[in-house]
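Open the model in your viewer and keep the selection tool ready. This tour goes stop by stop.

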Amino acid sequence: MSTGAARLSGVKIEPDPSAWRAALGAPRGDERAKRFREQAGLPTDRPVVMTGHQAEWWHPGIAAKFMAAQEAAAAFGAAAASVVADQDSNNPGEVRVPVRRAAGGENALSRRTWRVLRVAGELAAGDVPTCRMPAETPAPMEAVDGAEPAAPFVAEGLARIEAVLARHAGESSAARQTNAGAAELLKEMVADTARSAPMVYASELWRTDLFGWFVERMRADPAACARAYNAAAAAVPRARIAPLHPAELPLWHIPSRPGSARVPVFAENLGRAPVSELAPRALLMTAMLRLAGSDLFIHGTGGAEYDRITERWMGAWLGEALSPSAVVTATLLLPLEGHGVTPREVARAQWMAHAARHDPALLGDRAAAEEKRRLVEQIRATKRAGRDPAPEFAAMQQTLVRARASHAVALAELDVAAAGARTRREEAAVLADRTWAFPLYPREDLLALGRAVAERFKEKE
């Protein structure tokens, strides 16, 4: 497999944008939604189309969600907004990078990890949420084994990331630093589809009356909350959402000290933590945003699966219906030159390198192959007769030693082919990877993605 141009294999938007107008015709008129939007910094005079993600360097499939929110806002007279899941303990300080390294005389494609925010990486291992990771000066990418960025546009993307993180090193958290940087670069690289939009941080949802209302409902009957949550999770096993313990609540306690790990909240200690140190877990976060914060929420494929649980849970526990949701994603591959092979081809090459040492027929040596066959039959006959086959076995090994010596060059070539196949398998994985950080792509490819998203929203009357 080889490629010399970006490969955009399509944009998935479900349901079709023509169906979005019904949800975005007018803002929700209930007082709860108005109050929540006021407190969360969201518009109250227009419908809100919202999306979001963790604070990290999004791949193009995630960036497509933000593009779609902007296009929907423009098409239907709505406002776009996003949520930053900064109560999560993902690692915003790692960027996976495609590189070329010398291997077998070729500049083979491989992967490296750039630990651009060193402290964030250390804290993520301790389940510290990104809202409690400090912003920091980015660390330059270090060369490993002589590896270099796989293409000039990749090197340019790395420089963009380092520069924008440096510009935002004064933010109050690594979450804000990374998210501000990603939003700035998306706007810079896709200027015709990216516009400013309000951001809601999950760690600050405690400020809203709606969050207090949820907490009071949990306090009143924590077992009912957990039962409904677990029943909903069990009904959607593909989402792989862990059940709550009977007295566990869908909340995190996140102490205010920088570097503090998040801890689960249980009914018996709900009142011990200040409300300012509480944050909703993922399903409660989207429940709040779809209940009062948005008129349509855009998920990726994974989030859509999770929110099937949220809908069941809210209906069973509180009898609440959520605003509609949609799914947006895309696959955009880097325009890298390379060659790859399938795992089956790798296995075949490795088998040949090994089997040829034991089967001269694979080397085209019919005489040695026939001699080995004859000795194998003698070994079997000797065993059946109850005698020790050691002499025949030793003779067979000598036959193989002579064959290997006679065909040393061919065997070495098979070894090289097996090693090359392993390298090309890694190249194939690099070429097929759709999850590189979007700043590593050429700008024209991101613009093409933006146009593909925009095309889906044209003339949606």
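Is Pro140 buried, partly exposed or exposed? Select Pro140: it is partly exposed, with a relative accessible area of 48%. Buried means under 20% relative accessible area, exposed means over 50%, and partly exposed lies in between, using a 1.4 Å probe and protein chains only.

A note before moving on. This is a predicted model, where local features need pLDDT of at least 70, side-chain atom pairs count only at pLDDT 80 or more, and totals for chains, interfaces and linings use all residues. Residues are numbered from 1 along each chain as its sequence is written, and side-chain values use heavy atoms, leaving out hydrogens and water.

**Around Pro140**

Pro140 sits in the loop between α3 (118-124) and β6 (148-149). Helices (H or I, at least four residues) and strands (E, at least two) are DSSP runs, numbered from the N terminus. Now show the neighbours of Pro140. Not counting residues up to four places away in sequence, Pro140 touches Trp114, Arg118 and Glu162; contact means heavy atoms within 4.5 Å. Stay in the loop between α3 and β6 and select Asp127. Its phi is near 60°, a positive value in a residue other than glycine. Asp127 counts as partly exposed, at 27% relative accessibility.

**Across to Glu14**

From Pro140, draw a distance to Glu14: the C-alpha atoms are 40 Å apart in space, and the residues are 126 apart in sequence. Zoom in on the peptide bond from Glu14 to Pro15. That bond is cis, with omega near -5°. Most residues other than glycine have a negative phi, and most peptide bonds are trans. Pro15 lies in the loop between β1 (7-14) and α1 (31-40).

**Aromatic pairs**

Next, colour the aromatic rings. The structure holds seven aromatic pairs. Rings of Phe, Tyr and Trp (its six-membered ring) pair if their centres lie within 6.5 Å; planes under 30 degrees apart count as stacked, over 60 as edge-to-face and the rest as tilted.

Select Trp58 and Phe438. They are stacked, 5.9 Å centre to centre with 20° between the planes. Trp58 is in the loop between β2 (48-53) and α2 (60-76), and Phe438 is in the loop between α13 (408-432) and α14 (443-455), so the pair ties together parts 380 residues apart in sequence. Trp58 is buried at 3% relative accessible area, and Phe438 is buried at 0%.

Then pick Trp313 and Trp317. This pair is also stacked, 5.5 Å centre to centre, with 5° between the planes. Both are in helix α9 (residues 301-318), four residues apart, which means about one helical turn separates them.

**Helices around α9**

Show α8 (residues 282-293) beside α9. They pack at an angle of about 70°, with axes 9 Å apart. Axes are lines fitted to C-alpha atoms, for helices over the stretch in contact, and angles run from 0 to 180 degrees between N-to-C directions. That makes α8 roughly perpendicular to α9; angles under 35 degrees count as roughly parallel, over 145 as roughly antiparallel, 65 to 115 as roughly perpendicular and the rest as oblique.

α6 and α9 pack at about 60°, with axes 13 Å apart. These two helices are therefore oblique to each other. Trp213, Phe214, Arg217 and Met218 in α6 meet Met314, Trp317 and Leu318 in α9.
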